[in-house]
Every structure is written in C-alpha cells, then in structure tokens.
Amino acid sequence: MGLFGKKKVKIEELAPQYVSTIYDVVDAGFSEIAGYINEEKEFEKSPKLSDKENEWFLYIVYAGNLVNLESHFDKKQADLIVSVLSHEIIKALGKYPDIA
C-alpha cells in the first residue's frame, strides 16, 4: 500500500488493460476523426478514409503515448514502462489480424 492507502500497481499488471483501452478508444472514435479529415478543405482531394482504416492512427496514438512517458516519469522509469508497453502493444496487434 502507498502512503494514502492506494495499492501500487505494477506496470506488467496494468499494461494489457492500458493497451486494450487505447485500442478501444481509437476503434470507437476513429469514425468521427475520419469524417473530420475527409471534410477538411485543406486537402485538394478528400482522402475518403473509411471508419475501418484506423490502423495508422492507432500506431500514431500508441507511439505518442510512449514518447510522452518521459514527461511524467524519470528516464529510468519511462524506459522500463516503454519496454513493457512495447511488448504488450506487439502482442495486442497480433490479436487484431486486420491491423497487424
């Protein structure tokens, strides 16, 4: 238990849920993002993204989260978290054959 009665969670225990939650959020929200991109007037021609073409966006979200860890943890902790999450992301992408 931590100082305020909160149980400390190991990254190995949290990683599967973290990776799965990011996947679920991207999967649920990408249709809105695709619609925004498709309607963006800055493009000469609409990319016509479908709701199911979220794989590259998912990679960007995972990578952005990994890069941002050093903003919240010291380098040693961030390196450990990146290592564990990277392994979990690779495993998870294997679960979704339409993406991996």
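Helix 1 and helix 3 (75–95) each contribute at least two residues to the lining of the largest pocket, where a helix is a DSSP run of H or I of at least four residues, numbered from the N terminus. The structure is a predicted model, in which local features need pLDDT of at least 70 and side-chain atom pairs count only at pLDDT 80 or more, whereas totals for chains, interfaces and linings use all residues. Residues are numbered from 1 along each chain as its sequence is written, and side-chain values use heavy atoms, with hydrogens and water left out.

**The largest pocket**

- The largest pocket holds about 320 Å³ of space; a pocket here is an open set of points on a 1 Å grid over the protein atoms alone, where a 1.4 Å probe fits, with protein on both sides within 12 Å along at least five of seven lines, and its volume is the space filled by probe spheres set on the points, which are joined across faces, edges and corners.
- Its lining, meaning residues with an atom within 4 Å of a point, consists of Val 9, Lys 10, Ile 11, Leu 14, Tyr 18, Leu 69, Phe 73, Gln 77, Leu 80, Ile 81 and Leu 85.
- Helix 3 provides the largest share of this lining, namely four residues.
- By residue type the lining divides into nine nonpolar, one polar and one charged, with Ala, Val, Leu, Ile, Met, Phe, Trp, Tyr, Cys and Pro counted as nonpolar, Asp, Glu, Lys and Arg as charged, and the others, Gly among them, as polar.
- Lys 10, one of the lining residues, is found in the segment before helix 1 and counts as exposed at 55% relative accessibility, on a scale where buried means under 20% relative accessible area, exposed over 50% and partly exposed in between (1.4 Å probe, protein chains only).

**Aromatic pairs**

- Two aromatic pairs are found in a search of the whole structure, a pair being rings of Phe, Tyr or Trp (its six-membered ring) whose centres lie within 6.5 Å, with planes under 30 degrees apart called stacked, over 60 edge-to-face and the rest tilted.
- Phe 30 and Phe 57 form a tilted pair, with 5.6 Å from centre to centre and 40° between the planes.
- Because Phe 30 lies in helix 1 and Phe 57 in helix 2 (residues 55–68), this pair ties together parts that are 27 residues apart in sequence.
- Phe 30 is buried at 3% relative accessibility, whereas Phe 57 is partly exposed, with a relative accessible area of 26%.
- The rings of Trp 56 and Tyr 59 have centres 5.0 Å apart and planes at 85°, so this pair is edge-to-face.
- Trp 56 and Tyr 59 both belong to helix 2, where they are three residues apart, about one turn of the helix; Trp 56 is exposed, with a relative accessible area of 61%, while Tyr 59 is partly exposed at 26%.

**Buried residues and their contacts**

- Ile 22 lies in helix 1 (residues 11–39) and counts as buried at 11% relative accessibility.
- Leaving out residues up to four places away in sequence, Ile 22 touches Leu 58, Val 61, Tyr 62 and Asn 65, where contact means heavy atoms within 4.5 Å.
- The C-alpha atoms of Ile 22 and Tyr 62 are separated by 7.6 Å, although these residues are 40 residues apart along the chain.
- Glu 88 is found in helix 3 and is buried, with a relative accessible area of 11%; apart from its neighbours within four places in sequence, Glu 88 is in contact with Ala 15, Pro 16 and Val 19.

**The loop between helix 1 and helix 2**

- Asn 54 is found in this loop and is buried, with a relative accessible area of 3%.
- The side chain of Asn 54 makes a polar contact with the side chain of Asp 27 at 3.5 Å, a polar contact being a pair of N or O atoms within 3.5 Å, of which, within protein, one must be able to donate a hydrogen and the other to accept it, and residues adjacent in sequence count only if both atoms are side-chain atoms.
- Lys 48 is found in the loop between helix 1 and helix 2 as well, and is exposed, with a relative accessible area of 63%.
- Lys 48 has a positive phi of about 50° although it is not a glycine; most residues other than glycine have a negative phi.
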